[in-house]
Amino acid sequence: MNVTLESKAIKTAVSRLKFRTQAYIDGRYANAKSGKTYDSVNPATGKLLAKIAACEAADVNAAVKAARRTFEEGVWAKRSPGERKHVLLKFAELIDQNLGELALLDCLDAGKPITDCMTIDLPDSVHCFRWHAEAIDKEYEKVAPTGPANVAMVVREPLGVIGAILPWNFPFQMAAWKLGPILATGNSVVVKPARQTSLSMIRLAEIAAEAGIPEGVLNVVPGNGSVIGAALCKHPDVDAVAFTGSTEVGRQLLHYSAESNLKRVVLELGGKNPQVVLEDAGDLDYIARQSLNCVFWNMGENCSSGSRLIVHRKLKDKLLAKMIKYSKEWIVGDPLDPATKVGPMIEESHMKKVLEYIESGKKEGAELVLGGNRVLEKTGGYFIEPTIFDGVKPAMKIAREEIFGPVLSVFTFATDEEGIALANDTEYGLTASLYSENLSRATKVARAIRAGTVSVNCFSEGDATTPFGGYKQSGFFGRDKSIFAHYQYCELKTIWMQLA
Ligand code: NAP
């Protein structure tokens with residue numbers, strides 16, 4: 001499907017879209033064994049988009065059985081690295097060819113602006129698959145430095161069957177961040193997409209088959225997380241679970257692992273990320289725009305949203321005035337409109353939760369200086385305008401909890417030490433950004449901030465070559481992206497040989 005970022009082309013493409021709505025198990029689409037479905041709603045209109053197969057434990061069992069069989073047969077795990085690379089490169093190529101369609105699915109399902117889907121999420125995902133594919137036959141294994149009587153090889157082997165549980169905020173991109181390294185290292189996988197956003201992942205399964213990924217290696221079970229997510233996490237034949245989502249559910253997954261087979265659990269969780277502007281920060285127009293992007297991109301429904309602006313007191317008024325001025329560029333509207341930068345919240349209940357946070361900010365005495373309201377209510381969608389609170393105190397609820405909406409809290413400080421202390425005053429530690437004209441000073445502050453990624457003089461999550469994940473309660477065990485993501489889906493084996 002050919003889609004360009006032009007309103008008429010988008011409308012035509014939407015009218016031609018066909019949704020895949022079934023589970024994908026052992027190379028075939030199938031209804032849930034119970035025949036049940038659940039509704040997927042378009043958050044921009046509040047209207048039904050599709051009815052999706054509501055899988056349960058029996059469907060999970062069938063998917064795990066297929067994944068286990070393919071793993072034991074070695075149809076993917078034992079292919080040569082070069083062969084796996086070629087298949088995954090073809091996979092990336094086919095995703096690229098279907099980029100417009102997949103972007104539209106995420107746009108309709110998650111309410112993400114179409115421009116973001118087409119220029120960020122999908123191209124990043126294609127690049128992610130290519131990067132992991134290319135890495136497969138570039139990594140060497142090790143021979144340990146033993147004495148002359150022995151040879152000890154230290155080799156990495158795929159873990160086996162991985163359960164991948166995805167969030168709704170970057171449906172396709174998070175699938176790519178998980179599947180790239182999981183498949184590159186030769187594992188079989190059962191994916192559980194988020195209930196609200198299953199369409200692009202379900203469609204991806206048949207693209208994988210077309211690329212040559214053997215049937216049963218990649219399975220997709222849509223459905224309710226507390227039912228099938230739990231079934232997957234407790235399954236004795238699943239060797240690891242890779243999860244991106246809330247800290248609350250992540251904690252639950254560790255219990256499931258302890259109660260079942262001690263499967264490996266890789267958690268990418270929430271954030272309450274600081275943006276620190278030091279006294280010697282440079283161009284405030286540039287910083288204002290970067291900061292707005294950092295907090296409002298993806299409607300603030302972003303684990304790395306810089307929802308706490310910690311700015312030197314001498315710069316605060318000037319920077320805030322510029323941010324309010326440039327906030328006009330953050331157009332709230334129909335996500336199918338290429339000009340839109342802020343789509344709706346994912347669902348009505350989440351919109352209400354974000355509005356409650358805004359009320360609590362007002363009640364606790366923070367000063368509302370921008371937005372604060374639900375807008376475009378007549379569309380039936382769940383839109384909230386970009387919102388900024390000044391004068392926020394560290395004990396306030398809006399300062400401590402992950403809001404996951406377009407809401408910024410502003411704090412001030414006088415010394416670098418105070419700024420660092422404020423930045424670290426959180427149970428999370430996913431990302432941070434900071435601004436300074438002096439790179440020595442910036443390096444010291446970057447090292448003092450306890451977060452998995454710190455970007456200096458920009459808002460960035462790094463690229464495919466850099467690991468992404470959190471300190472403290474933002475993560476557990478692993479990282480997405482980069483070669484480090486490969487290691488977490490492998491076991492280390494020592495082969496010790498006695499020489500004659
Ligand atoms: P969530 O509520 O934790 O859900 C994530 C996934 O877990 C969904 O597929 C969900 O299924 C499933 N799930 C729910 N309960 C479960 C259970 N008891 N057992 C197993 N699986 C279960 O998170 P979300 O609201 O989708 O996503 C937002 C969160 O993700 C935020 O906290 C955000 O910061 C975090 N996030 C982190 C990163 C990162 O890289 N660190 C990236 C993106 C997002 P249902 O859809 O059926 O509920």
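How much space lies in the second largest pocket? I looked this up and found about 530 Å³. A reminder to myself before going on: this is a predicted model.

**Entry 1: the second largest pocket**

I listed the lining of this pocket and got 20 residues. Nearest its centre lie Arg84, Glu141, Arg156, Pro158 and Thr185. I then sorted the lining by class, which gave 9 nonpolar, 2 polar and 9 charged residues.

Which elements supply at least two residues each to the lining of the second largest pocket? My notes say α2 (57–73), α3 (81–97), β6 (150–158) and α16 (484–487). Strand β6 gives the most, with 3 residues.

**Entry 2: the sheet that holds β6**

I followed β6 into its sheet. This is an open sheet of 3 strands in the order β5-β6-β24, and the pairing is antiparallel.

I counted 9 bridges between β6 and β24.

Next I turned to another open sheet, with 7 strands in the order β14-β17-β18-β13-β12-β20-β21. Its pairing is mixed. At the edges I found β14 (367–370) and β21 (453–456); each has a single partner strand, so one side of each lacks a neighbour in the sheet. From one strand to the next, the twist averages 25°.

I zoomed in on the β14 end. There β14 pairs with β17 (residues 387–390) in the antiparallel sense, over 3 bridges. Leu370 stands opposite Ile388 in β17.

What packs on this sheet? I found helix α14 (residues 416–423), which touches β12 (274–277), β13 (308–312) and β18 (407–413). The direction of α14 makes about 150° with that of β18.

**Entry 3: the largest pocket**

I moved on to the largest pocket and read off about 1,100 Å³ of space. Its lining has 43 residues, and the closest to the centre are Trp168, Phe243, Gly245, Ser246 and Val249.

I also sorted this lining by class: 20 residues are nonpolar, 15 are polar and 8 are charged. Which element gives the most to the lining of the largest pocket? My answer is α9, with 7 residues. At least two residues each come from α8 (225–234), β10 (240–244), α9 (247–259) and α12 (348–363).

**Entry 4: aromatic pairs**

I searched the whole structure for aromatic pairs and found 8. One of them joins Phe170 and Trp297 and is tilted, with 5.3 Å centre to centre and 50° between the planes.

Where do the two partners sit in the chain? Phe170 is in the loop between β7 (161–165) and α6 (171–184). Trp297 is in the loop between α10 (284–296) and β13. They are 127 residues apart, and the pair links distant parts of the chain.

**Entry 5: cavities**

Last, I looked for cavities. How many of 30 Å³ or more does the structure hold? I found 5. The largest cavity has a volume of about 70 Å³.

I noted 13 lining residues for the largest cavity, with Ser305, Ser307, Glu402, Ile403 and Phe404 nearest its centre. Sorted by class, this lining has 4 nonpolar, 7 polar and 2 charged residues.

Definitions and conventions
Residues numbered from 1 in each chain as written. Predicted model: local features only at pLDDT ≥ 70, side-chain atom pairs only at ≥ 80, totals over all residues. Heavy atoms only, no water. Pairing = 2+ DSSP bridges. Helix = DSSP H or I, 4+ residues; strand = E, 2+ residues; numbered from the N terminus. Axes fitted to C-alpha atoms, helices over the stretch in contact; angles between N-to-C directions. Contact = heavy atoms within 4.5 Å. 1 Å grid on protein atoms, 1.4 Å probe; cavity = no way out; pocket = protein on both sides within 12 Å on 5 of 7 lines; lining within 4 Å. Points joined across faces, edges and corners; volume = space filled by probe spheres on them. Nonpolar A, V, L, I, M, F, W, Y, C, P; charged D, E, K, R; others polar. Phe/Tyr/Trp six-rings, centres within 6.5 Å; stacked < 30°, edge-to-face > 60°.
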